[in-house]
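Notebook open, structure loaded. I want to go through some packing, a helix pair and the salt bridges, and jot down what turns up.

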Amino acid sequence: MRALTLAALRARTGSVTFDRINGPTNSQATLRLFGRNITEQDVRVTLYRDNHAWCPYCQKVWMWLEEKQIPYRIKKVTMFCYGEKEMWYKNIVPSGMLPALELDGRIITESDVILQRLEDEFGELLEPLTAPRVVNLRRLERMLFGAWCRWLCYPQQVKAERKAKSAFEDVLGMVEQKLQATQGPFFLEEFSCVDVIFLPYLERMAASLFYYKGYGIRDDVKWPYVSAWFKGLETRETYRGTQSDFHTHVHDLPPQMGSCCSSKIPEDQEQMESNQQLVDRGPWEKIPDVGYSIGQDQASLVAVNRVVKHWETLLKVNPTKEETMDTALRCALTLLLTSEPCEEVSKLPNEAAVGLWYLSDRISVPRDMPIHSAKQLRQALKRTADAISPVRGPAIPVKHRRDQSRTPFLIVQKKI
């Protein structure tokens with residue numbers, strides 16, 4: 001089969017439509033009205049969050065606004081780990097801190113302060129942030145965060161790491177007990193502000209410990225109530241729209257956290273290496289980072305739609321020559337849509353495989369597309385690259401992610 005032309009790829013995905021403003025939670029929106037009979041001029045709230053949807057504190061405020069369906073604007077800002085913060089934002093927030101919120105013209109920073117101000121203005125999410133049992137659970141979340149950081153972020157000898165691992169498990173056991181004590185999957189009787197507070201870092205803990213420590217949090221046997229909590233979150237459209245995948249998190253966390261240290265515990269290393277191979281090389285559908293499924297055809301269409309929208313820019317930022325990458329990428333997308341390999345693959349040079357892996361390694365969820373679409377796209381890119389050559393793309397940086405600069409994409413948007 002010949003690779004589909006770019007025009008044919010666009011035609012095949014023409015039926016893919018998104019209502020960014022009133023439809024399901026999504027990372028591409030710049031305005032959310034939730035079907036209200038209002039205009040943008042009536043919107044009182046502006047959320048300033050990071051462009052790539054990597055910031056956990058931004059996710060917390062984002063989820064709260066989506067759950068309460070408070071109409072709001074979104075203005076996206078560069079995080080230092082992947083670029084320079086915009087001067088217009090520093091004029092508003094001199095510290096550059098994210099997230100920030102503008103309510104009736106007044107700027108508020110720090111996610112907990114933002115949530116409290118939103119609650120004061122628009123009402124609580126099931127229960128007030130200051131309710132005694134909510135306060136106790138918020139303290140537990142901070143305990144879990146601290147135990148996670150002490151295990152993940154500091155190089156340690158085996159004895160010290162065993163102690164850090166045990167300390168983390170002790171606190172996670174307390175979380176498990178709190179979840180077990182409720183009737184449903186959430187921390188309180190229903191989804192609440194407590195779940196919003198826990199979800200950003202528990203999501204990142206599940207990813208980072210799987211990859212760097214060979215440790216499973218989304219484990220139905222060892223942590224059944226924590227696992228059920230994740231499944232409960234995934235029944236909510238709001239969470240699905242903000243949810244990331246393990247691949248994105250494990251490679252965006254090191255420059256944010258300072259470091260993520262691989263396990264030195266001998267009995268954990270084989271599982272750790274197996275998990276790292278799975279996250280970096282696939283098959284991505286076997287990664288335990290999502291508990292629900294959708295139709296493969298729809299996921300594939302969304303993936304292709306997102307790629308062809310940014311076609312010219314994706315070719316320009318790729319290290320492979322544009323003409324070579326154009327053919328290789330059309331072959332991969334044709335495979336994704338038709339399950340048929342393309343005859344052009346046999347004539348492509350090794351650098352085409354480098355380019356495909358480069359793109360695969362830089363798909364970011366949910367910035368670029370939903371989790372299932374990303375899994376489908378990565379698999380098609382891998383299959384096509386493997387058919388060309390065993391060579392891989394350049395290593396993903398760990399000190400910074402300037403390879404993920406948003407500038408080339410902003411230039412295109414301004415031209416449009």
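I began with the contacts of Ser 208, where contact means heavy atoms within 4.5 Å. Leaving out residues up to four places away in sequence, Ser 208 touches Trp 148, Leu 152, Lys 213, Val 250 and Leu 253. Ser 208 sits in helix α7, residues 193-213. Helices here are DSSP runs of H or I with at least four residues, strands are runs of E with at least two, and both are numbered from the N terminus. Is Ser 208 buried or exposed? Its relative accessible area is 0%, so I put it down as buried. For the record, buried means under 20% relative accessible area, exposed means over 50%, and partly exposed is in between, using a 1.4 Å probe and protein chains only.

Housekeeping before I go on: this is a predicted model, so local features need pLDDT of at least 70 and side-chain atom pairs count only at pLDDT 80 or more, while totals for chains, interfaces and linings use all residues. Residues are numbered from 1 along each chain as its sequence is written, and side-chain values use heavy atoms, with hydrogens and water left out.

Next, α15 (350-360). I found eight of its eleven residues buried, so α15 is largely enclosed by the rest of the structure. The buried ones are Ala 352, Ala 353, Gly 355, Leu 356, Trp 357, Tyr 358, Leu 359 and Ser 360. What covers them? I noted that the cover includes α10 (246-257), α11, α13 (311-317), α14 and α16 (371-388).

The loop between α14 (322-338) and α15 holds Ser 339. With 52% relative accessibility, Ser 339 counts as exposed.

Then the helix pair. The axes of α6 (residues 158-180) and α8 (residues 224-233) come within 8 Å and cross at roughly 65°. Axes are lines fitted to C-alpha atoms, for helices over the stretch in contact, and angles run from 0 to 180 degrees between N-to-C directions. I therefore log α6 and α8 as roughly perpendicular; the classes are under 35 degrees for roughly parallel, over 145 for roughly antiparallel, 65 to 115 for roughly perpendicular, and oblique for the rest. On the α6 side I see Leu 172, Val 175, Glu 176, Leu 179 and Gln 180, and they meet Pro 224, Tyr 225, Val 226 and Trp 229 of α8.

Last, salt bridges, meaning a side-chain nitrogen of Lys or Arg within 4 Å of a carboxyl oxygen of Asp or Glu. My search of the whole structure gave 30. One of them pairs Arg 162 with Glu 267, closest N and O atoms 2.4 Å apart. Arg 162 is in α6 and Glu 267 in α11 (residues 266-281), so the pair ties together parts 105 residues apart in sequence. Arg 162 is partly exposed at 38% relative accessibility, and Glu 267 is exposed at 51%.

Asp 368 and Arg 367 also form a salt bridge, 2.7 Å from N to O. Asp 368 is buried at 18%, and Arg 367 is buried at 14%. I then looked at Asp 403 with Arg 401, whose closest N and O atoms are 2.9 Å apart; Arg 401 is buried at 2%.
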